[in-house]
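Morning, everyone. Please have the sequence and the 3D view open while I talk.

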Amino acid sequence: MSKKFKSNLNCSVPISLLFLLLLVTIRAGGVELIQTEPVVCISDGCLRGTVLQNSVGSSYPAFLGIPFAKPPIGKLRFANPQPNDPWQGKYNASTTKSACIQIVTVLPSSRLYGSEDCLYLNVFMPTLQILEDALLPVMVYIQGGGFLYGSAQLEQRNPARFMTWRRVIVVTFQYRLGVFGFLSTGDRSAPGNFGMKDQVMVLRWVKKNIRAFGGDPNRVTIFGESVGGSSVQYQMLSPLSRGLFHRAVSMGGSDFNSLKGAISSPLAFARAQANVVGIENANKLSSAKLVEELRKVDAYELTRSIEQLKQWNIHPITLYLPVVEPPEEPEPFLTEDPRAAWRRGAYAAVPWMTGNIPNEGSIITQTIYKNESLIEDFNAKFVFALPFILGTSISKEKLAGLRKRFLKNTPTSQWVTRNNYAEITKLFSEAYFQYPMVKNIKQHLANRKNTSTSVYSFQFRGRYSFSKLLTGSEKSYGISLLDEMIYLFRMPLFFPEFPPGSPEAEMTQLWVKFIVDFATQESVDKIGTCYGEKCDVVTFANSNNRYFPVSKKLVPGLDEEMYRFWKGFYEGKA
């Protein structure tokens, strides 16, 4: 008996017939040519997708550029996302849509591109066959990029490697970035967190529609890297996301301390934004009038103006951030300081995995060490900039502690030299990524959520690295921030595919399986989870074994010595 495909459009068609009507197979000289037009019907209407190829050359259906909210333009700029209207006929879901408007300041030459009309998602199915009694787990990916850049376009994030395993449905999407996603006046005029609410809208869309694609709405894993990893933990905290996902993976750790500026003065920053685009009397306008005037500014001019808000060179890289919303907001994303909420356990009790690359701080240092004049300038301003960089007051004792821990071989008259890239990178990696991650893990374990917790460390170094993009140089900087994503997604815009049989190709198999296992099982490795207050860290690295060039092993314990140093530093004891 054939299973039935059912949608909210009150149609009932056998699944096999639905796809066979649209699938034509031609055999010519032993070569199978497939012309296909997969169709799925959801609550808003029917979608006509396309067929792509996975990592081993097999075909799978994809539905690209599906609208999940109305275009956030005009009056909807700086407003919560609104459900999109249904459509007539078959919606063309065969190509991705424009990235959200952004300027990529971390690259050697800043590039501005994208559109305000960007709230679209993509759904990737490992097979054309949908069986109601065998719905697949769903993985929803949240992009990183400092809340300023990134997209779900296939050139940047192609999940073909996930499709090879045929075990999960993958959803990628775009959310508003920068000023468009995170402007806040601290009141109802612009409560903020629009980009985060876009993420919630996607999760609601998945809950409502993913069954039509063969996905299980009750087995949804959210995962992301860098601020995508932070977004995962924000979603765990937000009351808007309750029940919309069931597992979480935050890659690159999460630094809630980065919220310090955004929490304290969102209106002041909104006025600063208005001033740099030339809005008259920006410091005196009411918040409502301020937002009204900002809605009139050309989107490209507003995006480009972000460079005028930087304090030094391209830093801080992340300016616009999530904020605690005013109490009068009817559906707030964040209702309290996330640091306090996480500490007391006010977040979703779901299986959680987190991890990072040991030197994630390279995102900061590589943008400086590529230029000798920047090195000299940063050295001259280092002590002055430290309180802002590290988010705390800096005493002479703290300076001495930093020098003793990181800069034993640097002349006492200097802080930053062209020869101490590794040391300064380690300083920022620990302060920005490793310490916050370990702190979050320890607080999580103390909260006794009674769900599995896994920790990984990605240390594999391959032939490609994001350092080349960040510096424009062939110089080796070691493994860099985001390098683990090269083994998770195809990125044809940035890197060629790995040769079959290469160590990098082997790592893609190991790494993708690791992430997929978490989405489909209770924990990744039963012996690689946290127990009590201790954790075994699943570590991925190179191997000297010519027959097994990649390794995955357990390293017992978190870096307690590193944790004690920074805990003392931030409590004024270092």
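Some ground rules. This is a predicted model, where local features need pLDDT of at least 70 and side-chain atom pairs count only at pLDDT 80 or more, while totals for chains, interfaces and linings use all residues. Residues are numbered from 1 along each chain as its sequence is written, and side-chain values use heavy atoms, with hydrogens and water left out.

A word on naming. Helices (H or I, at least four residues) and strands (E, at least two) are DSSP runs, numbered from the N terminus. Two strands pair if DSSP finds at least two bridges between them.

Which order do its strands take? The order is β5-β6-β9, in an open sheet of three strands with mixed pairing. The edges are β5, residues 39-42, and β9, residues 90-92, and each of them pairs on one side only. From one strand to the next, the twist averages 35 degrees.

In general, strands of a sheet pair through backbone hydrogen bonds, either parallel or antiparallel. Here, β5 and β6 run antiparallel and are joined by four bridges. They form a hairpin, with two residues between them. Find C41: opposite it, in β6, stands C46. Now the other side. Strand β6, residues 45-48, pairs with β9 in the parallel sense, over three bridges. There, L47 has Y91 of β9 as its bridge partner.

Is β5 buried or exposed on its faces? Buried means under 20% relative accessible area, exposed over 50%, and partly exposed in between, using a 1.4 Å probe and protein chains only. Both faces of β5 are covered: V39 and C41 on one side are buried, and so are V40 and I42 on the other.

Strands β15 and β16 pair in the parallel sense over five bridges.

S226 is not a glycine, yet its phi is positive, about 55 degrees. Its relative accessible area is 17%, so S226 is buried.

Compare N450. This residue is also not a glycine, and its phi is positive, near 60 degrees. N450 is in the loop between α14 and β18 (453-458). Its relative accessibility is 75%, so N450 counts as exposed.

Now a helix pair. How do α12 and α14 pack? Helix α12, residues 372-390, and helix α14, residues 421-447, pack at about 10 degrees, with axes 13 Å apart. Axes are lines fitted to C-alpha atoms, for helices over the stretch in contact, and angles run from 0 to 180 degrees between N-to-C directions. So α12 is roughly parallel to α14, a label for angles under 35 degrees; over 145 is roughly antiparallel, 65 to 115 roughly perpendicular, and the rest oblique.

Who touches whom? Contact means heavy atoms within 4.5 Å. From α12 come F378, F382, I389 and L390; from α14 come I424, L427, F428, A431 and Y432. The residues of this contact divide into nine nonpolar, no polar and no charged. Nonpolar means Ala, Val, Leu, Ile, Met, Phe, Trp, Tyr, Cys and Pro; charged means Asp, Glu, Lys and Arg; the others, Gly among them, are polar.

Last topic: salt bridges. The rule is a side-chain nitrogen of Lys or Arg within 4 Å of a carboxyl oxygen of Asp or Glu. How many salt bridges does that rule give? The count comes to 28.

Take E561 and R405, with their closest N and O atoms 2.7 Å apart. This pair links distant parts of the chain: E561 is in helix α17 (residues 560-570), R405 is in helix α13 (residues 396-406), and they are 156 residues apart. E561 counts as partly exposed, at 42% relative accessibility.

Another salt bridge joins K296 and E293, at 3.1 Å from N to O. K296 is exposed, at 57%. Finally, R188, K197, E325 and E329 are linked in a network of salt bridges.
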